[in-house]
Amino acid sequence: MKPGAWMRICVPGLQEVLQLAETDKYSSLAEAIYQLTQNYGHVSVWDERFFKEICESIGFVNVYQTSFMQGNDKRLLKDSPHRAKTSLYMEAQKPKDC
């Protein structure tokens with residue numbers, strides 16, 4: 001990545017899926033977790049704090065949670081509507097001075 005460039009990552013969102021479990025989209029908490037971790041081949045789950053910690057530990061700055069079709073670089077907004085409710089959208093910037 002070029003210095004100052006933004007990255008945008010969409011990952012399965014733990015909090016997002018658990019909120020849907022509470023609103024009866026899923027029949028149980030177990031089904032919600034199954035959908036998140038098993039049904040689509042994902043091998044990990046993420047939340048904002050964990051994602052930020054990982055990104056900052058490898059040198060990214062300005063790490064923050066955003067939302068569906070919102071972000072710093074409009075060229076990166078390639079979000080899929082069917083993933084909007086169950087995804088965690090994160091952005092981070094490569095330092096300008098590296």
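Predicted model: local features only at pLDDT ≥ 70, side-chain atom pairs only at ≥ 80, totals over all residues.
## The sheet

Cys 10 stands opposite Tyr 89, a residue of strand β3. Strands β1 and β3 run antiparallel and are joined by 7 bridges. In general, the strands of a sheet pair through backbone hydrogen bonds, in either a parallel or an antiparallel manner.

The sheet as a whole is open and has 3 strands, arranged in the order β1-β3-β2 with antiparallel pairing. Its edge strands are β1 (residues 6-12) and β2, each of which pairs on one side only. From one strand to the next, the twist averages 20 degrees.

## Helix α1

Helix α1 spans residues 14-22, and within this helix Glu 16, Val 17, Leu 20 and Ala 21 are buried. Viewed down the axis of α1, the buried residues fall within an arc of 145 degrees, so they line one face of the helix. The elements that cover these buried residues include α2 (29-37), β2 (61-66) and β3 (87-93).

After α1 comes Asp 24, a residue with a positive phi, near 70 degrees.

In helix α2, the buried residues are Ala 32, Gln 35 and Leu 36. They cover an arc of only 100 degrees around the axis, which puts them on the same side of α2. Among the elements covering the buried residues of α2 are β1 and α1.

Tyr 40 belongs to the loop between α2 and α3 (48-57). Is Tyr 40 buried or exposed? Tyr 40 has a relative accessible area of 61%; the threshold for an exposed residue is over 50%, and Tyr 40 is therefore classed as exposed. Tyr 40 and Pro 12 are 28 residues apart in sequence, and their C-alpha atoms are 9.8 Å apart in space.

## Aromatic pairs

The model contains 4 aromatic pairs. In one of them, the rings of Trp 46 and Phe 51 have their centres 5.7 Å apart and their planes at 70 degrees, so this pair is edge-to-face. Both Trp 46 and Phe 51 are buried. Ring pairs also link Trp 46, Phe 50 and Phe 51 into a cluster.

## The nonpolar cores

In soluble globular proteins, nonpolar side chains tend to be buried together. Which residues form the largest nonpolar core of this model? This core has 10 residues, namely Met 7, Val 11, Trp 46, Phe 51, Cys 55, Phe 60, Val 63, Leu 88, Met 90 and Ala 92. At least two residues of the core come from each of β1, α3 and β3. The strand β3 gives the most, with 3 residues. Two members of this core, Trp 46 and Phe 51, are also the partners in the edge-to-face pair described above.

Val 11 is another member of the largest core. If residues up to four places away in sequence are not counted, Val 11 touches Trp 46, Thr 86, Ser 87 and Leu 88. A second, separate core has 6 residues, including Val 17, Leu 20, Ala 21 and Ala 32. Of these, Val 17, Leu 20 and Ala 21 are buried residues of α1, while Ala 32 is a buried residue of α2.

Technical notes
Residues numbered from 1 in each chain as written. Heavy atoms only, no water. Buried < 20%, exposed > 50% of the residue type's maximum accessible area, 1.4 Å probe, protein only. Helix = DSSP H or I, 4+ residues; strand = E, 2+ residues; numbered from the N terminus. Arc of directions from axis to C-beta. Contact = heavy atoms within 4.5 Å. Pairing = 2+ DSSP bridges. Axes fitted to C-alpha atoms, helices over the stretch in contact; angles between N-to-C directions. Phe/Tyr/Trp six-rings, centres within 6.5 Å; stacked < 30°, edge-to-face > 60°. Core = buried A, V, L, I, M, F, W, Y, C linked by side-chain atoms within 4.5 Å.
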